[in-house]
Amino acid sequence: MKNHWWKILAVLLLLYAIIMGLFVPLKSGILGLTPREFKTDQKITTHVKTYNTDFTKGVDGSSIAYIKINDKFKLYADLVKVVDKNTLALDFTLPALLPSIQKKWPYTIVVNDKKHGAFVRPDAIVLEQAALNLDAAISNWPKQIEKQLLFPDELNFPFRPILYESIRNTFYHVPLWFGMVFLLFGSVIYSIKYLRKPNHNFDYRAKSLTSIAVLYGMLGCVTGAIWAKGTWGTWWTFEEIKLNVSAVAMLIYIAYFILRSALVDEEQRARVSAVYSIFAFVAVVLLLFVVPRIATNSLHPGNGGNPGFGGEDLDNTLRMVFYPAIIGWALLGFWLGQLHYRYSILAERLNDEFE
Amino acid sequence: MTSFNAILELIKLELKMEWRMKYAIAGAILYVVTTVFVLYTSIQNEESTPWNALYWMLALFIAVNAITKSFALNKSGAHLYLYQLASPIQIIIAKTIYNLCLVFLLLLVSFGVFSLFLGNPIEQIGLFIITLFLGSMGLSLVLTFVSAISSKTANSGVFMAILGFPLIIPIFLSLIKLTTITLQSEAGEYLSDISVLIAIDVILFGFVIILFPYLWRD
């Protein structure tokens with residue numbers, strides 16, 4: 001048992017990542033408003049389509065909604081009506097002047113009730129005022145009672161436009177790439193061990209870990225392609241630097257296996273491929289972590305000016321599943337590597353016996 | 001008819017031999033993929049021009065051709081003699097410096113010939129020359145090392161491309177970005193790109209020095 005605890009840990013972490021990742025619901029969110037463009041100085045009604053909500057049960061008329069003009073000024077809805085499970089009708093009385101320096105501008109809409117909590121959609125409603133007059137707008141702004149937002153105590157993943165449910169792929173796509181880098185690093189460790197003390201087992205271990213790392217890389221490509229199809233609308237795009245560099249990283253390691261197959265002498269094969277694999281790892285680290293950062297444009301977070309994992313992008317609920325998922329996938333990779341290693345040793349022994 | 005049969009048999013023999021060296025065909029495919037990829041990355045940048053892409057594509061082949069023969073001596077017994085004369089670190093540094101000068105010179109010549117036939121769109125010659133120098137450094141570092149590795153195989157020409165092309169791509173991407181900057185008349189933000197290139201060169205140099213003695217052993 002002493003030597004197997006990490007395998008059990010891998011299974012538990014992955015089970016946790018799969019169960020939490022697939023079953024924790026998404027936060028309720030706003031899909032859109034119809035109609036969404038209005039002129040000021042009139043009474044309006046707009047329908048809000050929401051996602052992952054049921055307004056017919058458990059809301060008890062606690063719904064409120066407001067348009068956020070800016071940090072200081074909010075315009076509350078006069079009436080919030082439940083149309084069906086996922087639709088609310090909002091009535092607003094728009095004043096003639098808005099305390100804003102924009103003539104026509106998309107504003108944020110916020111909906112809240114005691115069951116679903118608050119959901120926000122930026123740029124959801126476009127208001128156009130006939131004239132600009134900040135002072136008059138502020139002095140004529142309707143007096144409203146500030147309402148407290150209600151937050152139910154529930155576990156859910158953030159609702160992000162474009163991503164929607166696919167945000168769950170954070171626990172599968174991203175950790176696969178992390179796992180690949182860990183496995184390659186493990187392979188480099190065995191390559192170094194081989195160079196210091198030529199023992200064929202080290203060579204087999206390095207080769208096995210590299211095989212599993214390439215498998216992880218390919219799975220990373222596949223999960224990424226599926227994600228890209230859903231969010232960017234295409235399986236693969238060559239305009240995305242990270243896709244390109246990961247393709248090159250795959251090529252570097254395919255070259256590793258071709259090199260191995262071309263070297264006949266066992267000792268020479270082990271030594272030369274150990275040297276190549278260390279050098280290749282350096283190149284791959286440069287490729288995956290340095291080159292994308294100098295790229296001018298990228299759709300991935302953390303590159304080309306996009307925010308990385310931190311701040312807004314990864315909220316605490318995601319993090320709670322994301323970090324264990326990374327450890328789980330990496331441990332599973334090392335386990336697979338170990339099995340592959342044992343298989344190669346046995347295959348080698350069988351070969352020797354038959355010859 | 002018999003001569004026709006003989007030709008058919010010879011074609012079959014060729015096929016069989018090709019099949020026996022499966023890595024060679026895999027290598028050829030990888031060669032195609034990486035070459036097209038390098039070409040693609042050089043034309044993909046919107047501010048880049050065909051001149052830029054063609055120039056660096058040519059540079060790649062010049063460098064590979066110039067450096068392939070670096071370890072041709074290995075085939076004869078001459079390297080044993082070298083082995084007794086100098087330490088492996090001295091040998092790799094000497095070979096890399098020689099290749100750096102060779103590649104840099106060839107790149108300058110091809111820049112001249114390019115300008116003669118295709119015109120010279122480079123606005124900042126000084127920065128371009130620095131880029132060429134840093135590029136030759138990276139190319140000669142990687143390719144000299146790779147030629148040491150591929151000299152261990154039976155088909156060193158193919159392996160030069162299979163192993164070398166993907167490893168060169170990080171250097172290549174930053175070279176093309178820098179050249180794109182030299183195409184503009186006023187100096188843009190280039191310090192970060194140059195420092196990335198220098199950092200890549202230094203890191204690769206360090207690893208070549210550490211790893212080469214293990215290759216040199218037999």
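Visitor: Where is Asn156(A) found?

Guide: Asn156(A) lies in the loop between helix H2 (134–139) and helix H3 (173–196) of chain A; helices here are DSSP runs of H or I with at least four residues, numbered from the N terminus. A word on the source: this is a predicted model, where local features need pLDDT of at least 70, side-chain atom pairs count only at pLDDT 80 or more, and totals for chains, interfaces and linings use all residues. Side-chain values use heavy atoms, with hydrogens and water left out, residues are numbered from 1 along each chain as its sequence is written, and chains are lettered from A and ligands numbered from 1 in the order in which they are written.

Visitor: Why is Asn156(A) called buried?

Guide: Its relative accessible area is 12%, and buried means under 20%, exposed over 50%, partly exposed in between (1.4 Å probe, protein chains only). So Asn156(A) counts as buried.

Visitor: What is Asn156(A) in contact with, leaving aside its neighbours within four places in sequence?

Guide: Val24(A), Pro25(A), Leu26(A), Lys27(A) and Thr317(A); contact means heavy atoms within 4.5 Å.

Visitor: How many residues of chain A and chain B are in contact?

Guide: 31 of chain A with 36 of chain B.

Visitor: What is the area buried between chain A and chain B?

Guide: About 3200 Å², with carbon and sulfur atoms giving 82%. That's the accessible area (1.4 Å probe) the two parts lose on being put together, summed over both.

Notes
Helix = DSSP H or I, 4+ residues; strand = E, 2+ residues; numbered from the N terminus.
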